Amino acid sequence: MTGSRTITRRSLLGVAASASLATLTGCNLGAGGGKSAGGGGGVTLNVWGGVPNESGPDDMCKAFMAEHPGTTVTYTRYVNDDQGNLKLDTSLSGGVPIDLYFSYGPVPMFKRSTAGLALDLTDKIKAESDFAALTADAKPLSNYVLDGKLYGLPAARAPQQVYINKAMMDAAGIKLGKTWTVDEFVEVARELTKPGVFGTLTAPVLARPALGPNYLYADGGKRSNFGNPWFAKELELALQLQKAKVAMDRQTIIAEKLQTFSQNPFIAGRVAMLIQSGQIIRSINDTKGYPHEFATYCMPVPVPAGTEGWNTGQIGDQISISPKSKSPDQAWELAKFWARNAGKYMTKGGRLPLLSGESTPDQILEQLLGPQRDTLYDVKSWKSTLFESGLKLPVDTIFTAGTEISTIHQKLTDETLLGDRTVASWVTEATRQSDAAIAKAGK
């Protein structure tokens, strides 16, 4: 579904708490180790984010302070998991000094804004000419809107792409174009499958690329959309590839926690292809922790033939300002600086900037893929996929009972791929349970 309804506070009822163990490793980069600089006359800005200090935030903080003498920026890294998000929420609600913080995805961001933990940035964003694509009325939307207002400034785009073991691809004599369909992906996966190697970790998804924004909902969010044939087709393809041992079996994926650590079988050569976002680039670049001798080729996610071909990733790294900040204007200056300079400082952590600023594609790739890029990657394919394939990131506007529906979807899908449920039963139960969650959230 591609409904145009914006998110409302009512639609967010039923969204369960996200959560986070904060590793309190603040940068303390300014004079006074996080205290006010300049003999008490300066400003201290406290930032919380989920990216490790050394993967860009330290450099970003230093660059901002160089342009703003007398300002101290302290960056505290929290782990972006349930415990970490809970720690951030508790700190925002309590007395911990936080001026600016990052949310990773619209659901945790709107959970915080509905709780009164984020300032309205609508007018501030609209006042910046280079943020025109991020306003509440931009077409197409490139920001998340709640009741017509904006509570976050996105700094990154997080598309998914296909990581391919180039040595295996070359050995099979496979040549690829700039884009491909799901059928073409499946054929390549079959060709790459051999004893001890799965062609792909998982089957490609079909519903999101075919249906685009708000694909989980029908009737403007009044009910779920799991009766749409694309969901059943997606499951049937996954079962087919799993049975043929082209995709890894679900039992192994769950047992080894590969939904979280998907880089492990890819870098180890147990799977030839992996559909994932940019987070595993850090692992590929870490040749000491993840030694390997092959280069990684990149392709866009495959799309069902004849569809619009939406990417399965999202915009991300939403920057919000705490209402308790004693320096909201300075915090906004840092937020703008961060968004505009993400391509220069944050890309090395595997994060693509939403706004390229003055950075060229080649400069962004240099940061993203690191100093060993010519050995570890087929750089040309990465440039083609990330900058020349016309990828489209969906921006959802409906999140009613979003956390509950995600849990329902995951549980039923695992049961189906483990052989404990039929596809028809999946459709019936996913629809019934999700519709009930939506109805409950709307009360």
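**View A. Contacts of Leu-153 in the predicted model.** Leaving aside residues up to four places away in sequence, Leu-153 touches Leu-121, Ile-125, Phe-131, Leu-134, Asp-317, Gln-318, Ile-319, Trp-332, Ala-335, Lys-336 and Ala-339; contact denotes heavy atoms within 4.5 Å. This is a predicted model, in which local features need pLDDT of at least 70, side-chain atom pairs count only at pLDDT 80 or more, and totals for chains, interfaces and linings use all residues. Residues are numbered from 1 along each chain as its sequence is written, and side-chain values use heavy atoms, with hydrogens and water left out.

**View B. The largest nonpolar core.** Leu-153 and Trp-338 touch the most other members of this core of 53 residues. A nonpolar core is a set of buried Ala, Val, Leu, Ile, Met, Phe, Trp, Tyr and Cys residues joined through side-chain atoms within 4.5 Å, where buried means under 20% relative accessible area (1.4 Å probe, protein chains only). Helix 12 (residues 328–345) supplies the largest share, nine residues. The core lies between domain 1 (43–156 + 316–359) and domain 2 (160–312 + 393–442), because both give residues to it; the domain bounds come from an automatic or database domain assignment.

**View C. Strand 2 and its partner strand 3.** Seven of the seven residues of strand 2 (residues 43–49) are buried; helices (H or I, at least four residues) and strands (E, at least two) are DSSP runs, numbered from the N terminus. Strand 2 runs parallel to strand 3 (residues 71–78), joined by seven bridges, and pairing requires at least two DSSP bridges. Val-47 has Tyr-75 of strand 3 as its bridge partner.

Notes:
Buried means under 20% relative accessible area, exposed over 50%, partly exposed in between (1.4 Å probe, protein chains only).
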